[in-house]
Amino acid sequence: MSMIAPFYGGKSILITGATGFMGKVLMEKLFRTSPDLKVIYILVRPKAGQTTQQRVFQILNSKLFEKVKEVCPNVHEKIRAVYADLNQNDLAISKEDMQELLSCTNIIFHCAATVRFDDPLRHAVQLNVTATQQLLLMASQMPKLEAFIHISTAFANCNLKHIDEVIYPCPVEPKKIIDSMEWLDDAIIDEITPKLIGDRPNTYTYTKALGEMVVHQESGNLNIAIIRPSIVGATWQEPFPGWVDNINGPSGLIIAAGKGFLRSIRATPMAVADLIPVDTVVNLTLAVGWYTAVHRPKSTLIYHCTSGSLNPCNWGKMGFQVLATFEKIPFERAFRRPNADFTTNIIISQYWNAVSHRAPAIIYDFYLRLTGRKPRMTKLMNRLLRTVSMLEYFINRSWEWSTYNTEMLMSELSPEDQRVFNFDVRQLNWLEYIENYVLGVKKYLLKEDMAGIPEAKQHLRRLRNIHYLFNTALFLIAWRLLIARSQIARNVWFFIVSFCYKFLSYFRASSTLKV
C-alpha cells in the first residue's frame, strides 16, 4: 500500500520553477499519482509575449501531460498561476495572492534557480540566494506548512573530492554577500567574483552553496530538507522514456554532436559521468516531502541524488553509446558526420580542437555570404565552444557523494512506494537509457520526424564519404607541399611509389602464373 500518494491528497502545494524542466516533471507526477490534491500554486511571470495563463496552458497541452489528463481530467482547474518575479527582492507577489499563499500552503518545493554557469554574480545571488531567503520568510508565516523542500545541486561543494550529507560553511556569510550586491557596482562585483568563488568553477555552484547556508541559518522551526541532484538528464521511465525539453548539460552536447557541430571534446574517458534521470530526482523529491512532513526529523536532512557511487558510468562509455545510437538514429540535416574524440588534457589538443571546429564554420559562413544569406555558423560555433569549455571542469573530474540518508529513506518506503516512487539508480541500464535519451532529444526536443530516419542515414553516409575525401585531399596537398620543400620527403615519396608499383607488378605476375 502506498503512503506517499495519499499523503498529497487534499494538499495545497507551492512549486517554484514549475515552468522549468524538473518543475514540469514534478507537477506531472503529482497530478498522475495524487489526482485528488487540492491545488498546485506555481510562481510564474509573463515571458515572450505570453501571459501567465497562456504559459500554463502551453505546459498542460504538451506531450508530457497526456497521461495526466486521463487520470485527472480537471487538471486545468487544479493549477493556480501566481504572478511573481524572483528577480525582485519582494518577489513582486500581489497582496491578495500573498495572503492566499500564506494561509493555504501545505508543502513547498523550491526548484527555481538560475542554472547558467556564466551568470554574473549579482544575478546568480538574486535568484539562488536572495529569492531563497524571501521564500523562507514567506514559509515562516504559513501556519499550515508541513514541509519545505529545497532543491540544490550535488556540485554545490564541487571544490571537495568527497562530499557528505552536511552543509559546508562558506568563507563569507551569505547575508554579507546579499547586502554587498545592493550597493556595489557591476565593475567591482566582476572584479571580486573570482576571489569570492575561490576554487569553485563558476557562480552557479558558489551561489547554490550560499543558498544552502541561507536555508540552514534561516530555517527557524520549519521542517526542511535539501536535495542535491547531480547532472539532471532525460526521463528514465516516467511518464515515458527519453522525455526532455531543454538543451542544458548533456542534451546540448547530444544535439551538437548529432548535428555534426561538435566533433571532439576534452574529457577524461574514465571520469564518472554522474548523470541522474529527472524522474528519479522527482520520485526522491516527493518521497522526501512525505518523510519530512510525517516524520519531522530533528535536523535538516540532506539527500544526495547521484548515480556514481551506486551505478557508475564513465564519459568514455557514454560517448561511445551516443555515437552508436547516432548510427541507428541519425539527426536530420546534420552539418557534418558525428564523431567524438575524448582527448587528453594538453594545450595542443585544446588548440587543435578549437581550430578544427571553427574552420568548417568559417567556410560555411563564407558560402552563405556568397549565396546572399546571413552568416550564422561561426557565431553558433563560438557559443557552443564556450558552453563546452564551461562543462570541461565537470567532465574531467569524479566525485564521491555519500548516500546514507537516501538509502535510509528507501528502506522506510513500502514495497508499493518503492515501485511507484522509484529512485533506486542501481536498476538503471545505462546503454538503454542513453539510447532513449538520444531518441528523446530527436523526438521531443528537436521535434524531428522519426519517418525521416532512412533519409537521415543516407545523408550521414554522404557526410562520411565527404569527410574521407576531404581528409585524403588534405593529406595529399600537405604531402605535395612537403615534397616541394624537402629532398628527404621526395625520396620517401618516390620509395613508396616505387614499392607500390613493384608490389602491384609482382601481384599481377603471380596472378598470371596461377591462371
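Predicted model: local features only at pLDDT ≥ 70, side-chain atom pairs only at ≥ 80, totals over all residues.
Close-up 1. Which residues of helix α5 are buried? Within this helix, which covers residues 95-104, they are Asp97, Met98, Leu101 and Leu102. Looking down the axis of α5, you would find its buried residues within an arc of 130°, so they line one face of the helix. The cover over these buried residues includes the strands β1 (12-16), β2 (39-44) and β3 (79-83), together with helix α6 (121-139).

Close-up 2. Leu91 is not a glycine, yet its phi is positive, at about 65°. You can find Leu91 in the loop between β3 and α5. Ala92 also has its place in the loop between β3 and α5, and its phi, near 60°, is again a positive value in a residue other than glycine. Are these residues buried or partly exposed? Leu91 has 2% relative accessibility, so it counts as buried. Ala92 has 27% relative accessibility, so it counts as partly exposed.

Close-up 3. Follow the chain from Glu238 to Pro239 and you meet a cis peptide bond, with omega near -10°. Where does Pro239 lie? Its place is the loop that runs between strand β8 (231-233) and helix α10 (250-258).

**Close-up 4. Ile15 and the largest nonpolar core.** How many residues does the largest nonpolar core have? It has 104, and those with the most contacts inside it are Ile15, Leu30, Ile42, Phe109 and Leu409. Helix α11 (residues 278-295) gives the most to this core, with 10 residues. Now zoom in on Ile15: leaving aside neighbours within four places in sequence, Ile15 is in contact with Leu26, Met27, Leu30, Ile40, Tyr41, Ile42, Leu43, Phe109 and Cys111. Another core, of 45 residues, lies apart from the largest one, and among its members are Val82, Phe148, Ile178 and Ile197.

Close-up 5. Phe495 has 59% relative accessibility, and exposed means over 50%, so Phe495 counts as exposed.

Key
Residues numbered from 1 in each chain as written. Heavy atoms only, no water. Buried < 20%, exposed > 50% of the residue type's maximum accessible area, 1.4 Å probe, protein only. Helix = DSSP H or I, 4+ residues; strand = E, 2+ residues; numbered from the N terminus. Arc of directions from axis to C-beta. Contact = heavy atoms within 4.5 Å. Core = buried A, V, L, I, M, F, W, Y, C linked by side-chain atoms within 4.5 Å.
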